[in-house]
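Welcome, and please take a moment with the model below before reading on.

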Amino acid sequence: KQQRNFISSVSHELKTPLTSIRLYSEMLRADWVTDPARKRGYYDYIYFESERLSRLISNVLQLARLDNHPKKIHPVAVDAGQLLQQVKAKVAAQIEAADYRLTLILPNNGADHRVVQIDEDAFVQIMINLVDNAIKFSRRSDNRRIDIGYRTGGKGKERVFYVRDYG
């Protein structure tokens, strides 16, 4: 039953961006859109939805790989602020296209450059997924803002990373 529910959910999540891509591309292909600004908006929408579709497919494939071969985590020493700058660079266009404002929040205005032991690829993928969910589930919010950041915890020895929406 769980597997059927999962497959149903994944199917829905894959169909939604695919349907949007098809609709907007058909409108552009048929020359129904003549305003250059609207055309640009539709092209951007197609691009970002295809990016989202790629991430969804990648996540499903990664989940399948994890079931068959558990992934080995390879932590390396990374500056926490630089790590979040990397996340910001990867999600900024998506956030802007969704008409949100992105705020990067670092302790002490970024002066707290702490090194964390982390698997960069896994961390960035997790943060991208969280930002994607924040956009998806806060669409009705009047405050169209997403914060990504970290704070210190555990007597200054821990870094707590977060994504916050206002929906």
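Buried means under 20% relative accessible area, exposed over 50%, and partly exposed in between, with a 1.4 Å probe and protein chains only. Helices (H or I, at least four residues) and strands (E, at least two) are DSSP runs, numbered from the N terminus. This is a predicted model, in which local features need pLDDT of at least 70 and side-chain atom pairs count only at pLDDT 80 or more, while totals for chains, interfaces and linings use all residues. Residues are numbered from 1 along each chain as its sequence is written, and side-chain values use heavy atoms, leaving out hydrogens and water.

**Helix H4**
- H4 runs over residues 120–137, and its 18 residues reach 26 Å from first C-alpha to last.
- That is close to the expected 26 Å, where the expected span is 1.5 Å times one less than the number of residues.
- Its buried residues are Ala 122, Phe 123, Val 124, Gln 125, Met 127, Ile 128, Val 131, Asp 132, Ala 134 and Ile 135.

**The chain as a whole**
- The protein chain has 4 helices and 5 strands, in the sequence pattern α-α-β-α-β-β-α-β-β.
- Its C-alpha atoms fill a box of roughly 60 × 40 × 25 Å along the principal axes.
- Of the 167 residues in the protein chain, 35% are buried.
- Among contacts (heavy atoms within 4.5 Å) with a separation of 6 or more, 71% join residues 24 or more positions apart.
- The accessible surface of the protein chain is about 11400 Å², with 51% belonging to carbon and sulfur atoms; the areas come from the Shrake-Rupley method with a 1.4 Å probe, and for residues only the protein chains shown count as cover.

**Ser 138**
- Ser 138 sits in the loop between H4 and strand E4 (145–153).
- Ser 138 counts as buried because its relative accessibility is 2%.
- The side chain of Ser 138 reaches the backbone oxygen of Ala 134 at 2.5 Å.
- Beyond neighbours within four places in sequence, Ser 138 is in contact with Tyr 100, Arg 144, Asp 165 and Gly 167.

**Tyr 150**
- Tyr 150 belongs to strand E4, and Tyr 150 is buried, with a relative accessible area of 2%.
- Tyr 150 and Val 160 are 10 residues apart along the chain, with their C-alpha atoms separated by 5.2 Å.

Key: Polar contact = N/O pair within 3.5 Å; in protein donor to acceptor, adjacent residues only side chain to side chain.
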